[in-house]
Amino acid sequence: MCRRPQRSSSVALLHRGGCATYPDQVPLVSREDAMVALAQPHIEPCRVCRPQTGLPS
C-alpha cells in the first residue's frame with residue numbers, strides 16, 4: 001500500500017536571498033513570482049529578511 005506524504009499544517013515562508021534564518025541555497029524567483037506567492041494564503045514573508053519590502057510598485 002502506497003502512502004502519500006503528509007503536508008505540514010504550518011505556512012510556508014518566503015525569504016530574500018541570503019536570509020540568515022534560511023541557510024539553504026534555493027533558486028531565486030522573479031519579482032512577479034514573489035508578488036504572486038505573497039498573495040497566497042499559505043505563504044507569508046519572513047519576519048527577519050522581509051522580502052515584501054520594495055516589491056509593490
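Trainee: Not counting residues up to four places away in sequence, which residues does Ala34 touch?
Mentor: A word first: this is a predicted model. Ala34 is found in helix α1, and Ala34 is buried, with a relative accessible area of 9%. Leaving out residues up to four places away in sequence, the residues that Ala34 touches are Leu14, Val29 and Leu55.

Trainee: How far apart in space are Ala34 and Pro51, C-alpha to C-alpha?
Mentor: Start from Ala34 in helix α1. Along the sequence, Ala34 and Pro51 are 17 residues apart, and in space their C-alpha atoms are apart by 8.3 Å.

Trainee: In what order do the elements of the protein run from the N terminus on?
Mentor: The protein has 1 helix and 2 strands. Strand β1 covers 12–14 and helix α1 covers 31–38, while β2 covers 43–45. Read from the N terminus on, the order is β-α-β.

Trainee: Is Ala12 buried or partly exposed, and which residues is Ala12 in contact with beyond its neighbours within four places in sequence?
Mentor: Ala12 has its place in strand β1. Its relative accessibility is 36%, so Ala12 counts as partly exposed. With neighbours within four places in sequence left aside, the contacts of Ala12 are His42, Ile43 and Glu44.

Trainee: How many disulfides does a search of the whole structure find?
Mentor: Take Cys19, where the nearest cysteine sulfur is that of Cys49, 3.6 Å away, and Cys19 is in no disulfide. Cys46 is in no disulfide either, and the nearest cysteine sulfur, again that of Cys49, is 3.8 Å away. The cut-off for a disulfide is a pair of cysteine sulfur atoms within 2.5 Å. The number that the search of the whole structure finds is 0.

Trainee: Are Cys19 and Cys46 buried or exposed?
Mentor: The cut-off to keep in mind is that buried means under 20% relative accessible area. Cys19 has 6% relative accessibility, and Cys46 has a relative accessible area of 3%. Therefore Cys19 and Cys46 both count as buried.

Trainee: Beyond neighbours within four places in sequence, which residues is Cys19 in contact with?
Mentor: Cys19 has its place in the loop between β1 and α1. Setting aside neighbours within four places in sequence, the contacts of Cys19 are Cys46 and Cys49.

Trainee: What is the value of phi near which Arg50 sits?
Mentor: Arg50 lies in the segment after β2, and Arg50 is partly exposed, with a relative accessible area of 45%. Its C-alpha atom is separated from that of Cys19, 31 residues apart along the chain, by 9.3 Å. The phi of Arg50 is a positive value in a residue other than glycine, near 45 degrees.

Trainee: Which element gives the most to the lining of the largest pocket?
Mentor: The largest pocket holds about 580 Å³ of space. Of the 25 residues that line this pocket, the closest to its centre are Leu14, His15, Arg16, Gly17 and Leu28. Both β1 and α1 supply at least two residues of the lining. With 4 residues, the element that gives the most is α1.

Trainee: How many residues of that lining are nonpolar?
Mentor: The lining of the largest pocket includes 6 polar and 4 charged residues, and the number of nonpolar ones is 15. That answers the count.

Trainee: What percentage of the residues of the protein count as buried?
Mentor: The accessible surface of the protein comes to about 5,300 Å², and 54% of this surface belongs to carbon and sulfur atoms. Of the 57 residues of the protein, the percentage that count as buried is 16%.

Conventions. Residues are numbered from 1 along each chain as its sequence is written. This is a predicted model: local features need pLDDT of at least 70, side-chain atom pairs count only at pLDDT 80 or more; totals for chains, interfaces and linings use all residues. Side-chain values use heavy atoms; hydrogens and water are left out. Buried means under 20% relative accessible area, exposed over 50%, partly exposed in between (1.4 Å probe, protein chains only). Accessible areas come from the Shrake-Rupley method with a 1.4 Å probe; for residues, only the protein chains shown count as cover. On a 1 Å grid over the protein atoms alone, a cavity is a set of points where a 1.4 Å probe fits but cannot get out, and a pocket is an open set with protein on both sides within 12 Å along at least five of seven lines; lining residues have an atom within 4 Å of a point. Grid points are joined across faces, edges and corners, and a volume is the space filled by probe spheres set on the points. Ala, Val, Leu, Ile, Met, Phe, Trp, Tyr, Cys and Pro count as nonpolar, Asp, Glu, Lys and Arg as charged, and the others, Gly among them, as polar. Contact means heavy atoms within 4.5 Å.
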